[in-house]
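Here is a short report on one protein chain. It covers the fold, the surface and the charged pairs.

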Amino acid sequence: MNSNLLIIGAGDLGAIAKEIAEEMGQFDKIDFLDDKSELAIGRTSDIENFLGEYQFGIAAVGDHELRYRYTLKLEDNCFQIPILVHPRAFVGKYASIQKGCIIEPMATVQSGATLGVGVVVSAGAIVNHSTFIGDYCHLNVGSIVEARSIMRAGTKLNAGSVFNKIDDLSESAANGMPTYQVDEAWVQQYIKDFGTEPSFF
């Protein structure tokens, strides 16, 4: 199979995603789908037409709901969703990073942190240990998520701001975003993955 990457969205985040993918050196060809950009090889509605030519696909749009919908559409069409991590970012050995995440240069994700699907960690942002970041969050430039914090899905953290609280994850459902059941089974899976209990409970 090929190692070609299709990026949904040719705007600012899409351009960053392409740069990260190029720096990773793992993709043979990288192209955009976008409804407005002249850089794109097709529209976002054309996703299914590129199956076979592109093994990988990732949603790189700023709007978290669109990022969610495009990720689902890519999966429905059997694309593999990669994780894009810039070589100059630091990701701890025991951090948990889910598919569709985009981690920009100089960002830090410490061991024991969990990033859900489609999270964007912008340049210089810091995710401290023992944190849980819900699906499709965006941690903007220079922001900090302090230890033992829990952030609900779809949250956007402004540039330079600090997050240090425990959100009620059930509230994500009101926004149409995925929710997590933080129960004993989740705790046991965390222990299996990281060898310790999650300290934010």
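Does Glu-75 count as buried, partly exposed or exposed? Glu-75 counts as partly exposed, because its relative accessibility is 29%. The classes run as follows: buried is under 20% relative accessible area, exposed is over 50%, and partly exposed lies in between (1.4 Å probe, protein chains only).

The model is predicted: local features need pLDDT of at least 70, side-chain atom pairs count only at pLDDT 80 or more, and totals for chains, interfaces and linings use all residues. Residues are numbered from 1 along each chain as its sequence is written, and side-chain values use heavy atoms, with hydrogens and water left out.

**Fold**

The chain has three helices and 17 strands. Both are DSSP runs numbered from the N terminus: helices are H or I with at least four residues, strands are E with at least two. Five strands make an open, parallel sheet, ordered S4-S7-S10-S13-S16. Strands S4 (84-85) and S16 (156-157) are the edges, and each pairs on one side only. Pairing here requires at least two DSSP bridges between two strands. S10 (residues 120-121) and S13 (residues 138-139) run parallel and are joined by two bridges. Val-120 has His-138 in S13 as its bridge partner.

**Burial and contacts**

The chain has 201 residues, and 50% of them count as buried. A contact means heavy atoms within 4.5 Å. Of contacts between residues at least 6 apart in sequence, 36% join residues at least 24 apart.

**Salt bridges**

The structure holds four salt bridges. The criterion is a side-chain nitrogen of Lys or Arg within 4 Å of a carboxyl oxygen of Asp or Glu. The table lists some of them, including the Glu-75 pair.

| Pair | N to O distance |
|---|---|
| Lys-99 and Glu-75 | 2.3 Å |
| Glu-53 and Lys-29 | 2.9 Å |
| Arg-43 and Asp-35 | 4.0 Å |

Lys-99 forms its salt bridge with Glu-75. This pair links distant parts of the chain, 24 residues apart: Lys-99 is in the loop between strand S6 (96-97) and strand S7 (102-103), and Glu-75 is in helix H2 (residues 64-76). Lys-99 is partly exposed, at 35% relative accessible area.

Glu-53 forms its salt bridge with Lys-29. Glu-53 sits in the loop between strand S2 (30-33) and strand S3 (56-59), while Lys-29 sits in the loop between helix H1 (12-24) and S2. Glu-53 is partly exposed at 38%, and Lys-29 is partly exposed at 32%.
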